[in-house]
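Please consider the sequence and the model shown below. The paragraphs that follow lead through selected parts of the fold, one after another.

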Amino acid sequence: MAKILFVQLSPFELNCFQSLSAYLKYNGHQTFIFSLAFENYNKLLKLISEKQPDLIGFTVTSSDYINTLTLADELKKDINRNIHFIFGGPHAIIAPMDLIQSSSVDSVCVCEGEHILTELANTIDNNSDITGISGLWSKKKSRLIKNSARPFIKDIGTLPIDDHDIYYSRYESL
């Protein structure tokens with residue numbers, strides 16, 4: 001079982017994290033959320049220390065990707081262990097090179113993330129090679145691996161119901 005921490009800058013519930021969390025939990029993984037709109041950076045470091053996530057996931061739009069990359073840079077410097085940082089979201093899909101070039105980004109999800117993130121969590125949990133995951137751009141040493149996109153999920157009705165509790169268990173006032 002992998003542990004995944006989703007980190008966001010915004011004060012809103014993000015459907016992407018609710019959907020990803022539901023699918024990850026359905027597949028036996030553990031998820032957590034943290035919003036810098038409600039809590040400070042030191043609390044984020046404390047949560048990372050307590051929960052010991054295997055992956056930290058960020059979603060980015062074109063208007064916030066630079067601030068999110070800056071946050072990821074700071075986290076990579078301040079964390080004393082190897083945690084995989086994955087970026088996804090609208091900007092990751094339309095401009096993945098903006099993200100993967102950063103030394104703090106380990107991989108970029110370039111399509112819908114439910115299956116990709118679950119496969120990544122399984123692969124990391126098994127200490128296996130992530131470079132063959134379709135829909136994922138990653139780095140191996142200094143080499144960039146650009147895997148082809150996955151097909152869209154044809155029937156979203158096959159996904160579990162969104163995990164609203166990921167927010168409400170941490171931020172009851174939402």
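The model is a predicted one. The residues of helix 6 that are buried are Glu-114, Ile-116, Leu-117, Thr-118, Leu-120, Ala-121 and Thr-123. An α-helix has 3.6 residues a turn, so residues three or four places apart point the same way. Helix 6 itself comprises 12 residues, 114-125, and reaches 16 Å from its first C-alpha to its last, close to the 16 Å expected at 1.5 Å a residue. After helix 6 comes Asn-127, with a positive phi near 55°.

When neighbours within four places in sequence are set aside, the contacts of Ser-138 are Ile-100, Asp-106, Ser-107, Ile-130, Thr-131, Arg-143, Leu-144 and Ile-145.

The largest nonpolar core has 48 residues, among which Leu-5, Phe-6, Ile-56 and Phe-58 touch the most other members. Helix 3 (residues 65-78) supplies the largest share of this core, 5 residues. For Phe-6, the contacts beyond four places in sequence are Phe-17, Leu-20, Ser-21, Leu-24, Thr-31, Phe-32, Ile-33, Phe-34, Gly-57, Leu-117 and Ile-166. Leu-117 in this list is also one of the buried residues of helix 6.

Phe-58 leads from the core to the aromatic side chains. There are 5 aromatic pairs in the structure. In one of them, the ring centres of Phe-58 and Phe-85 are 5.5 Å apart and the planes stand at 55°, so the pair is classed as tilted; pairs over 60 degrees would count as edge-to-face. Because Phe-58 belongs to strand 3 (residues 55-59) and Phe-85 to strand 4 (residues 84-88), the pair ties together parts that are 27 residues apart in sequence. Both Phe-58 and Phe-85 are buried. Together with Phe-87, these two residues form one aromatic cluster.

Methods
Residues numbered from 1 in each chain as written. Predicted model: local features only at pLDDT ≥ 70, side-chain atom pairs only at ≥ 80, totals over all residues. Heavy atoms only, no water. Core = buried A, V, L, I, M, F, W, Y, C linked by side-chain atoms within 4.5 Å. Buried < 20%, exposed > 50% of the residue type's maximum accessible area, 1.4 Å probe, protein only. Helix = DSSP H or I, 4+ residues; strand = E, 2+ residues; numbered from the N terminus. Contact = heavy atoms within 4.5 Å. Phe/Tyr/Trp six-rings, centres within 6.5 Å; stacked < 30°, edge-to-face > 60°. Expected span 1.5 Å × (residues − 1).
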